[in-house]
Every structure is written in C-alpha cells, then in structure tokens.
2 protein chains.
Amino acid sequence: MSVTAARGFTASGVSAGIKDSGAPDLALVVNRGPSYAAAAVFTSNRVQAAPVRWSRRVIGDGALAAVVLNSGGANACTGPAGEDDARAMAERTARALRVEAEQVAVCSTGLIGVPLPMDRVTAGIDAAAAELSEDGGEAAAIAIKTTDSVHKTAVASGSGPDSGPRSGSGPGPGPGWTMGGMAKGAGMLAPGLATMLVVLTTDADVSAPTLDSALRQAVRTTFDRVDSDGCMSTNDTVLLLASGASGVRPDPAEFAEAVHDVCLDLALRLVADAEGASKEIEVRVVGAASEQDAVTVGRSIARNNLLKCALHGEDPNWGRVLSAIGTTSAVFDPDRLDVSINGVRVCRDGAAGEPRDKVDLSGRAVTVTVDLRSGDASATIWTNDLTAAYVHENSAYSS
Amino acid sequence: MSVTAARGFTASGVSAGIKDSGAPDLALVVNRGPSYAAAAVFTSNRVQAAPVRWSRRVIGDGALAAVVLNSGGANACTGPAGEDDARAMAERTARALRVEAEQVAVCSTGLIGVPLPMDRVTAGIDAAAAELSEDGGEAAAIAIKTTDSVHKTAVASGSGPDSGPRSGSGPGPGPGWTMGGMAKGAGMLAPGLATMLVVLTTDADVSAPTLDSALRQAVRTTFDRVDSDGCMSTNDTVLLLASGASGVRPDPAEFAEAVHDVCLDLALRLVADAEGASKEIEVRVVGAASEQDAVTVGRSIARNNLLKCALHGEDPNWGRVLSAIGTTSAVFDPDRLDVSINGVRVCRDGAAGEPRDKVDLSGRAVTVTVDLRSGDASATIWTNDLTAAYVHENSAYSS
C-alpha cells in the first residue's frame, strides 16, 4: 500500500538507467490535495548532500506538492554542480506536474561523490510522471532500494477523534483517515552512514505545525534509536505529507501515535533487513536515572563491535555489556548492574548470575536488558550483530 | 629485552594452569631498587576489575616493589570474592618476595566474569618467584599474552642530561640509563574493550611525580590514540617502575621523550597485531582549530565500520570519511575539506579530487590524511580495517 494507501496521493517508480543494473531507480510521490501540509526531519550530519540542502530550504513554508527520489547516486559531496543537479531535479518534476519547483522535495541515495547522470535522471522524471497512479506506491518503494533485499512499506489508519489508530499491513482507506509510508535503508549496523529515506503520506487533515511536532517526536524514539551512534548519513530524510483528502481532522495525540507506529514499523523493517546481519538485537535499558542516560547506555552497548560479534557467535558475553556501560557517564553503581540476555539474568549485582548456558541464542531475535537500578527511566535501541557477511557486503564493492 | 633491559629488575613467566591450553599465564616483574618510585595509568572505564581497584589503591604512595600479572582470566565483574582474590595475589607475591602486599600491583587479563582458579594462581606465583632472573623479561612478556600472536617489547636508553634518548630493539644497558617495556593486547579494533596491559621499567633515578607526569603525557598521545572510541576496558593498566640502579638522574624532558617513544613503539605493535586485521591505518588530521578537534575527527573516522570495511576491500571510499567528519562538532566548512588516501588527494574542497584509481591500497600500511583547513592543530589516531577474520575471532569463542 505504501505511500498511496492514503487518499489524495499518486506515485510511480521507473528504471531511469541511473543504476548500471537496470533496476528501478527513480520514484515520484505526488500530493493531489486539497491540502499540501508537510513536515520533514533531515540528517544531523554536517556534511549534507545537495538534495538535503534543497529539500531543507523548500520545506520551510510547511508545504509540498511532490517528492522526487532516486537511487543509484547520492549526489553528496558533489560541489556546486551537485547543487545545480538537485535543483534541476525539482524543476523538471515541477514542470511535469505543473507545480512550483519550491513545492518539490528531492531525495537521493547511492554512492557519495559521484555526479548524477542528469540526462537519464530528467528523462526518468518525465517517464515517472507519465506513470503516476493511485496504485504506484509499491513501484515507488521498489525504486528507492539500494542494498535493501526487500522494499519496506507500512500502513496505519484511524477513524477519528474517538478511536485509536489501527496499524498493520492492510487494508486500504477506511471510513476515517489513513497513513502509509515507504522506507529505504539496509546498512543499519552503522546508520550514521547508511542512507535512510522515508516518505510518509496521510489523507488526514493536519496542519504543518502538528505534522512537524508529531514527526519529530516519532523519529526521536524510532529511527533515531535504530542502532549505533545516532549520527545520520549525508542524505537521510524523513518526509510526512498530508493531503487532507479524508476530510477527517484527527485528535493530535491519536495522530501522533499513528505516526509513531508507522515509523516504528518501518524502523524495525530496516533492522530486519540490515546488511549481512543474522540477529536482530533489542537493547532495553531500564532503571535509568533519566531517559538520556538510558539512551546513552543503550547506544554504547549497541555499537560495541565485540559484543556484536559475540552475539553473532551465540555467546551471551555479558562482560562486554558491562564494559560498554562503563564507558558512559550515566548514573549507576558498577556493583548493582543487572543484565539479562533473552530473559536469563546472566549478570546480577555486577557479577555472574544465572549460568550462561541457560541462554538460548539460536534464534534471530535477541533481547539484552540492562537494569541500571538508578531510577525509573527507560529506552530501547535496536541493532544487529556483526558478521562476516556484513564485512563482505561493505568491502567487496563501493556502496 | 623487555622489562629486564634496565638494571635493578628481575622477571619471570610460568605456566600456572590458569589457561586450559597450558600456555604461560603468570608473570612477575620485581624492582630490586635502590629506588622504588612508580606511576600508573588505569582504565577510564567505570566498571573496573578487582586488580585495577587494588593497584589503584597501592600506587597511591608512588612506590612499587613488584607487579604480578596473569592471563587466562580478567578477574573483572567477579564481586567481593574477586576483590579478595586480587588482594590474595598481592599478598602471596609479597610473601614470596619478602615485601609488603601494598608494594605489589596486580594485573589480570582474560574473560570477564569468571573467578580465577586461586589454587593454581598461588602455586604459580611461588613458581614464578623461584624463576626470577635478570633475563626473565621475555618470559614475562610471553606469559601475559591472550589472543596476541606475538609478545611485544621495546627498549630505549639515554646517556644523561646532555644527549637525547636512543630507541630501538637493542642493545641492553648502556653507560647511561635504560628503559624497557612489555605490552599485551590484540583487540585494537575496539580498544575500549580489549585489555591492554603495559609494564615499563627504567634504571633512571626519577621521582614518582616526574614518572607520573611523563607517563600520563605519553599515554595521552600513544595508547589513548590507538583506535576507536578511546574508552578503555575493565582491566587496562600501564605501569612505570624506576629502580634508580643506573645512578643517572636524567633531564626530565629527555626522560619524558623516552617514555613517549617506548609507549609509541608498543602502541604500534598493538596495532600491528590487531585481531584479524589486514591493514594498519594511520588517520592524520591536520589543519584543525584545536588538538581536541583533531582527535575527535580522527576517532570518528577510525571507528567508522563502513570505512574500515571499504579499506579492507582496498576501496578508497572518501565519502565515508566525509560522512564521519560530519558527525562531529569540530570546526570545519564542509565545502573546504580535503582528504588524501595514501598520498592521493581524492577529495578536494569537499568534492571529488584526484581519481580513486590512483590510490594504491594493496599494501598493509594505509594513511588517511584529513585537512580541516581551520587552524594549525593536528593529531594522529591509529586503527585497523574490519575483516571477516576479526568477526570470526570474536564470535567463535569467548574472549
């Protein structure tokens, strides 16, 4: 269902020839209105790709009519010519759709430092515009893949101010309002450097400030907590477009919850599709003095290469967990730390607890729970194991 | 030559049976005086092993008569019983050497969370005491190995206040003073979690405060800059013992330079022996507004898994370097960043420079030079590539 689950949107995905493989590599998402409210969250990386610079500027007025996305080239670190190319993508899209270039966001993903083949890109935009349809969401989601093994979509819906949102993979527009989304990303062992592109659409009637608030809050506890160092790549972009086509103005809290649910759904799909990973690891930190402490401890554990290797080898090496906790400035007493791995409390009071061999790590899902015993705050970080396949995928060719 | 290169020291290494393999696993280093001045730098990890807690306490008076070290078990996260074991190691050593327990530092390395087999440890201490000799430095260096493929030693010497230090692998005590050292460590892709033990000895006549100052300064620009996140493990310890047996009181600056040289020599041996690594990577950051900025940027690059994989695959992927720089808060302009890889300026002004295929990455040594073009400060961080062998070594068994 993807970005066309909600009423008021069309989308398409085509093969423009940007990728040598001939795989689909150019997508359009178009908001047909009646409202054009939009919000965005961009990478916090200070080295920002040209399309990010462009999109950051045009989102300033809280309105978007369309998004043009390409895979096969990041248009990052491409100098002034790259800036021109990003603008040209918006302008070509605007011309094809009869809107203003300043209403078009641009997203690119692929290798850094290589100019886009603009003749193919512009021809691809024209072809994609000709293929726009209310069923084009899947094609768009497929066209933004890079090393992704599957395309990623999610849908949620709500019936109005009096009921909660429903989340799941089905079943299209209900009597209320709907939200759909697509995501691209598969390098989640180092999200800081693997591009993540996300486009969410809704037919709810929501103002730009409300969209912005809901999106920032959702990203903070979902995409920002997938793995590692929390530093985004040069191109990461999360967009939320609202057409208002349902005519329903949802309760802000209910709407925010739906945005969170769709973002979490997509974030977990990114973890599940991480390059070369064999485990999906949930690091839950509880008993923290503050949410910030919980996040800091969780990230420290999640980016620990030695622990990632140990879990890949199905070794519940809790000593690595304690070492990682010890590198942080969070509030805790080293002699009062508890660690459970897949439900077995292998470390109690900072020392050995239940026997390691009680831990079953044969499955794909791993939960590491740390109790700092210093307060009531908690946070969850999601990550993956570190595998030889990951090394292969990231060393055998440029990505 | 190791820790017995300098006059006034004896050492030994024996197989105590702590390791199942039967390999040497217990070492003694003894200062015979006439001076017993000593200094130490310990892990900054807040989860500290029992031997670190013990040694931190006994170094308080700036004097040590001996160091007892074991491999095969870290005695970390072992609770109150672990504290008793560390103290028992010092007491047993003190009894064998007829010194006070408070004059004995203790170092342990191996798996976290497992109690030491104290009957074997104490018998090993007695055996090691019986084997002490002025030629025991190599045996001691061998006995502290864990996953190290080679033992690591270094020597430097100085003839007095009027000449500079000489550094190298030879040739024993000169007419002046000598410094020798041994190091253990091989997990340098994540030094934060791989134990590093270093013992340096000198026959120079140097006071404890001067030792302390020279050691801290040297560690800050050598061991602390080997790789990654700068967070040390639960057990990391660097000790410097001075016997004064040469009768020479060196110029403090010359002495400090010798300490630095020996530490750098040993640090580079750790990088060269990193688990599963195929490249030794020197990250040089120049043109920084401050040394702190240079260190921050260097560490950010050095701990970037995707870049480590790319360099393993001999791909000069400078986009990953820029992405890593962009995650820092250092002073720089993204459009004025220059990056050279093995001397080829592949990125100029934040965009593509010389062709990638001019870069020869076939050798083991790789230098990544970043010019932030924002000042005169610089720093070097040393790291390794990320390989399937690293994953194997850290997933196939507990370490």
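**Notes on the two-chain model**

1. Let's start with a loop: A:Pro34 sits between strand S2 (26-31) and strand S3 (37-42) of chain A. Helices (H or I, at least four residues) and strands (E, at least two) are DSSP runs, numbered from the N terminus. The peptide bond leading from A:Gly33 into A:Pro34 is cis, with omega near 15°. Chain B has a cis bond from B:Gly33 to B:Pro34, again with omega near 15°, and B:Pro34 is in the loop between strand S2 (26-31) and strand S3 (37-42) of chain B.

2. Some housekeeping before you read on. This is a predicted model, where local features need pLDDT of at least 70 and side-chain atom pairs count only at pLDDT 80 or more, while totals for chains, interfaces and linings use all residues. Residues are numbered from 1 along each chain as its sequence is written, chains are lettered from A and ligands numbered from 1 in the order in which they are written, and side-chain values use heavy atoms, with hydrogens and water left out.

3. Two backbone angles deserve a look. A:Glu314 has phi near 60°, a positive value in a residue other than glycine, and belongs to the loop between helix H8 (305-312) and helix H9 (318-326) of chain A. A:Glu314 is partly exposed at 38% relative accessibility (buried means under 20% relative accessible area, exposed over 50%, partly exposed in between; 1.4 Å probe, protein chains only). A:Asn342 also has a positive phi for a non-glycine residue, near 45°. You'll find A:Asn342 in the loop between strand S12 (338-341) and strand S13 (344-348) of chain A, partly exposed at 27% relative accessible area.

4. On to the interface. Chain B and chain A bury about 4,400 Å² between them, with 56% of it on carbon and sulfur atoms; that is the accessible area (1.4 Å probe) that two parts lose on being put together, summed over both. The contact (heavy atoms within 4.5 Å) takes 55 residues from chain B and 55 from chain A. The rule finds 13 residue pairs in polar contact across the interface, both residues at pLDDT 80 or more. H8, helix H9 (318-326), strand S14 (351-352) and helix H10 (388-395) of chain B each supply at least two residues to the side that touches chain A, and H9(B) gives the most, with seven. For polar contacts, the rule is a pair of N or O atoms within 3.5 Å; within protein, one must be able to donate a hydrogen and the other to accept it, and residues adjacent in sequence count only if both atoms are side-chain atoms.

5. B:Asn305 is buried at 8% relative accessible area. Leaving out residues up to four places away in sequence, B:Asn305 touches A:Asn305, A:Tyr390 and B:Leu386.

6. Now the charges. The structure holds 38 salt bridges over all chains (a side-chain nitrogen of Lys or Arg within 4 Å of a carboxyl oxygen of Asp or Glu), and the rule finds two across the interface of chain B and chain A. A:Arg53 pairs across to B:Asp335 at 3.3 Å, N to O. A:Arg53 also forms a salt bridge with A:Glu83, the closest N and O atoms being 3.4 Å apart. That pair links distant parts of the chain, with A:Arg53 in helix H1 (residues 50-58) and A:Glu83 in helix H2 (residues 79-97) of chain A, 30 residues apart. A:Arg53 is partly exposed at 31%, and A:Glu83 is partly exposed at 29%.

7. There's a salt-bridge network too: A:Asp338, A:Arg345, A:Asp349 and A:Arg373 are linked. Within this group, A:Arg345 and A:Asp338 have their closest N and O atoms 3.2 Å apart. A:Asp338 counts as buried at 5% relative accessibility, whereas A:Arg345 is partly exposed at 33%. In chain B, B:Asp338 bridges to B:Arg373 at 3.2 Å between the closest N and O atoms.

8. Last, the cysteines. The structure holds zero disulfides over all chains (a disulfide is a pair of cysteine sulfur atoms within 2.5 Å). For A:Cys263 the nearest cysteine sulfur, that of A:Cys107, is 14 Å away. For A:Cys347 the nearest cysteine sulfur is that of B:Cys77, 6.3 Å away. A:Cys263 is buried at 0% relative accessible area, and A:Cys347 is buried at 0% as well.
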